[in-house]
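User: Could you look closely at how the strands are paired in this model, and follow that part out to the helices and loops around it? I would like one connected account, with the cut-offs stated.

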Amino acid sequence: MLSSATILSVLYVLLVYSQGSVHAPNGHPSLRLRRHTFLSEQDAEKNVPKLCKDNGNNLNKMADNGTIFTIDLPAITNYNVYSNKQYSLPHPKVGNVSDSKLNVIIVPHSHVDAGWLRTVEEYYMYHVKGILNNMVVKLTKYKEMKFVWAETVFLSMWWNNLDDDVKHKVRRLIERGQLEIALGGWVMSDEASTHYVSVIDQLMEGHQWVIENLHTKPVNSWAIDPFGHSATMPYLWKQAGMENMVIQRVHQAIKATLAAQTALEFQWRQMWDMEGKTDILCHVMPYIYYGIQHTCGPNNQVCAMYDYGQPKSIFEQSTGRLVTDENIEKQAKYLYDQYRMKAGLFEYGTVLVPLGDDFRFDTSEEWDLHYENYMKIMDYINSKPEWNMNVQFGTLSTYFDLVRNNEMQRVLMNETAEFPVLKGDFFPYSDLDSEYWTGYYSTRPFQKQLSRDLEASLRAGDILSTLAIHQCKRYNLEFESYLETMSQLLEVRRSLGLFLHHDAITGTAKPEVVQDYENKLLHAFNVSQSVIAQATQNLLTMCNNDSPVIISAHNVRRDAHTPPTQFTTIVTKSGTKVIFVNPVAQERSEFIRLRVDSANLDIRNSQDLNIPFQINPVFKSTTKIQTSEFEVVFLIDMSPFSIETYTLYKVEAPVLCYWSSIETYGIENFQIPKNLNFQLKNSLTFKSSYKIENENFEARFEENGMLTGLFDRVRSKSIDIGVEFLSYTSQASGAYLFYPSGEAKPIHESTRPHVRLIKGPFLEQIEVVYKHLSHSLSLFDTPTAQGQGLHVYNELNMLSADLTNQEVIMRVTSEVKNEHGEFYTDENGYQLIQRKTRPNTRVETNYYPVTTMALIEDSALRLTVHTRQSHGVASLKGGWLEFMLDRNVDRDDNRGLGEGVTDNRPTASHFILQIEHRQGTSQYQQKFTYPSLTSHIINDHLQQPVQKLFTTIRNNAFQFSFRPMRHSLPCDHSVVSLKTLVTSNLVNNGSSIILHRKGYSCDFPLRGIQCPTDLETVSFHTLFPDIPMTDIRETTLTHLHVRSSLPLNSSIRLQPMEIKSFVVTL
């Protein structure tokens, strides 16, 4: 007679799974088990989201007459250059410049890299400490002198060692307007490879430090060294309370086009904004470089005469000419002419002249020389009424106040139009002819991937620790590990923030500096995993058992040079608990892959019901599999932000165990031990084709195991789609530049791979193994989001002489007819922007950064490629999307690094290929687009994977689950951040919640959806009913400004693409 537990297990399987057609090989011991779909495609077509009914995301609602779109600029740009390879700017000649009233604002600054040729600590000791110490002394002495500072990481290092008297002087300098904190992020972050979640996090870390210690709130952004500029950053800066911004590294030919339209100052508006609510005034520095020798005007030789420091950049030499009574007239006239010519590029009678360079003003002498010589010139020019020019030291606020006032007066007097409006971004960047900074999108991808793992781990740690603090307060208990946890999270946050620096995540630092970043990231990742374990234990024990911590992280990083390894779970008779954390605010059901030390096991969920699972082999080598290590694949169901426990029991006769079948091709002497129940088919010869399948798709492969096609079972339609690996040979590529010698060629043309197929009821996978590359493509048999795409996983090792000066790509080919080379890439994971391939230009000119997804589409199909880390991407021909995986280049590209990049690491890359059939009627050839709702969910799950933990220690105090939210957020809403705000002394300063409503396309069916699609508002009270709140304030993005106080039961409405921040007090 069956036991009650067995009956319950069988009932569970019958309720949750249903039999379908058998796709496993003949004789396979299992039948295909199906998960009931949450929302079938037929139901989805009836269940149209309210936003789509209202046509609220219709891209045809474009009223942008007169707007400058950056995507249109290349077609009207003159790419002619001088003999020195520099692009030309349309300056008026000296005799033709206007003599109207001109204000010249000289802004002293020092650009301080948070690591590049030296580590951040070395730069602080050798340069930055001297800059900041002298800053206080000289600004106090010279009342007319001003200074602008951007990077908070260095301020934090310096501040901790200051006397209170010096701290007071710094605050007084800010109050008097002599010192301005511009941007104020932890670092001046890169804008191509960074994800918006971590950009916000480092910006908030900087802003919270600045307001607490310096008592100031940045109103201007200063980003003069990122290698190209994203359209997402101005939106984030605007949401954080900034009104103006300065950028520098824009393609010099594009600058000339803007200058010809007097549009080097513009209102930068977001693509989706038709009303100007997102406008932020942007000033583009016109010349090739931000150093003193390139900022006074077009003649860098003249500008060099007024550089009185010892340059730290390899591009500069000491060239300053002291101003004396004998040469004052000549020296002043030289500068006067340069200022006038520079003013010819701008509209509003005010010129910004940055005065600085890398690590300038680090000596007392340099401060004195610049002040004394420039004051002589200023006094002379200002004393000449016929010159009609006023020159002064100032800050960015000084400059923008004058510009805005001048613009307003002209508009009121009908003398000129308002600032022009611009939409789009500034990628790719080029400073000299045919030298495009598109290589760094893919330089050192191992570190890029590590930082993305850390971002997800930090976010999960923030969420769990915040929920733990709230739970303890609810039970009137103390979170015993509060101080330790907050201190650890602070350390992790600052390590990740540091790596967002524009010479860190870009991969453009010296090898020893890269090693320093790696060590910091590795330590931060492991610390964040320990925070997750600590907070999970607190939540599962209802704040009653904080120590000792008996939960451990499942993903382990033992060193900073290799991909993470999964811990092999030891299955015990008494039960090993595997704990899963869902870091997204929607329900998710997906198959989990777990390493275990035994195949004789049962898996039970939190209701003590047996769960069916698939057993896959773990390969020890090409010809051998592990006999004491296996992979199990099983389905988990998780509510929003929940923790669920599954228990693995060692048994003699597993109840719901399904062994996979194994097919191998081109492998000699492959055998399976007799005690293992895998079905084996081994062949030395290759088949002409292979296939893997699930209930949605049948994927087809050619002889070498590479994808050639897809059959969509839902639509009964075959689709041409393929994957291939090729490489470009470098001609003059370096850390920054991509400059190949020709077209990409196959990297394994003369070798045959080993091909393996793993097939079971829940997962089918093909694996292709070459000498330096392993590639797998998997299909999960579930109608949820996980089953809507083809999961690609690559491991590439370029540490071989065979791959020297090679730049390896994965190219996806398809039947999609993207006309005119149009494709879309995401910007920092926040928005999708259109790109246009220029077919008559070199390959590198058509590469763009991608952070989370890229897509091509036509009137019938859309192909989206989701990526777990940032890459460079191009669509060089119709139906193509290619992603650069890694680069080994031994040449220096003369951009300051002094060497190539040959310290490659074995690097993993994870993609998901998604095909969607268009069913809407809106136009698709627009300058921007949205992902579908299904695409959003797939990408969210890819970026925010389920966190895995385990314990082999029995503890009856543990609950089996923790479910803080009773309802999912709507599908198009996400919690960007949920974390505890703390002061420098770790005092609780409230909880930060950032919500984002995503724009989505209504043109595609809803497949795999498990969340509401018809809700327009959210409420903290309904989201977290068990967390008592006493105060809710809506603020700017980084909580520097309070916008309003909200009733505790108020509903919050976000518009598509809008982001809102809140501070909640218990």
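Analyst: Two strands are taken to pair if DSSP finds at least two bridges between them, and the elements themselves are DSSP runs numbered from the N terminus, with helices (H or I) of at least four residues and strands (E) of at least two. This is a predicted model in which local features need pLDDT of at least 70 and side-chain atom pairs count only at pLDDT 80 or more, while totals for chains, interfaces and linings use all residues. Residues are numbered from 1 along each chain as its sequence is written, and side-chain values use heavy atoms, with hydrogens and water left out.

In the pairing of strand 35 (residues 763-769) with strand 36 (residues 773-780), seven bridges hold the two strands in an antiparallel arrangement, and Glu767 has Ser776 of strand 36 as its bridge partner. Both strands belong to an open sheet of twelve strands, ordered 28-27-34-35-36-37-46-43-42-39-40-47, whose pairing is mixed. Strand 28 (679-683) and strand 47 (928-929) each have a single partner strand, so at these two edges one side is left without a neighbour in the sheet.

The buried residues include Leu933, Ile937, Ile938, Asp940 and Leu942.

Most residues other than glycine have a negative phi, and most peptide bonds are trans. His820, which is not a glycine, has a positive phi of about 60°, and with a relative accessible area of 63% His820 is exposed. Asp608 likewise has a positive phi, near 65°; this residue belongs to the loop between strand 21 (601-604) and strand 22 (610-611) and is partly exposed, at 38% relative accessible area. As for peptide bonds, the one that joins Phe427 and Pro428 is cis, with omega about -5°, and Pro428 sits in the loop that connects strand 13 (421-423) with strand 14 (430-432).

A second open sheet has three strands in the order 11-4-12, and its pairing is parallel. Its edges are strand 11 (350-355) and strand 12 (389-393), each of which pairs on one side only, and the twist from one strand to the next averages 20°. Strand 4 (residues 102-108) is joined to strand 11 by six bridges in the parallel sense, with Ile106 opposite Val353 of strand 11. Helix 12 (residues 364-382) packs on this sheet and touches strand 4, strand 11 and strand 12, and the direction of helix 12 makes about 160° with that of strand 12; contact means heavy atoms within 4.5 Å, and angles run from 0 to 180 degrees between N-to-C directions, the axes being lines fitted to C-alpha atoms, for helices over the stretch in contact. Helix 13 (residues 396-412) also lies across strand 4, strand 11 and strand 12, and runs at about 165° to strand 11.

The loop that leads from strand 3 (68-69) to strand 4 holds Val81, a partly exposed residue with a relative accessible area of 30%. Leaving aside residues up to four places away in sequence, Val81 touches Gln86, Tyr87 and Asp433. Between Val81 and Asp608 there are 527 residues in sequence and 73 Å in space, C-alpha to C-alpha.

A parallel pairing is also found between strand 7 and strand 8 (residues 244-247), which four bridges join, and Trp222 has Val246 as its bridge partner in strand 8. In a regular strand the side chains alternate between the two faces of the sheet. From strand 7 (residues 220-223), Asn220 and Trp222 point one way while Ser221 and Ala223 point the other way, and all are buried.

Terms used
Buried < 20%, exposed > 50% of the residue type's maximum accessible area, 1.4 Å probe, protein only.
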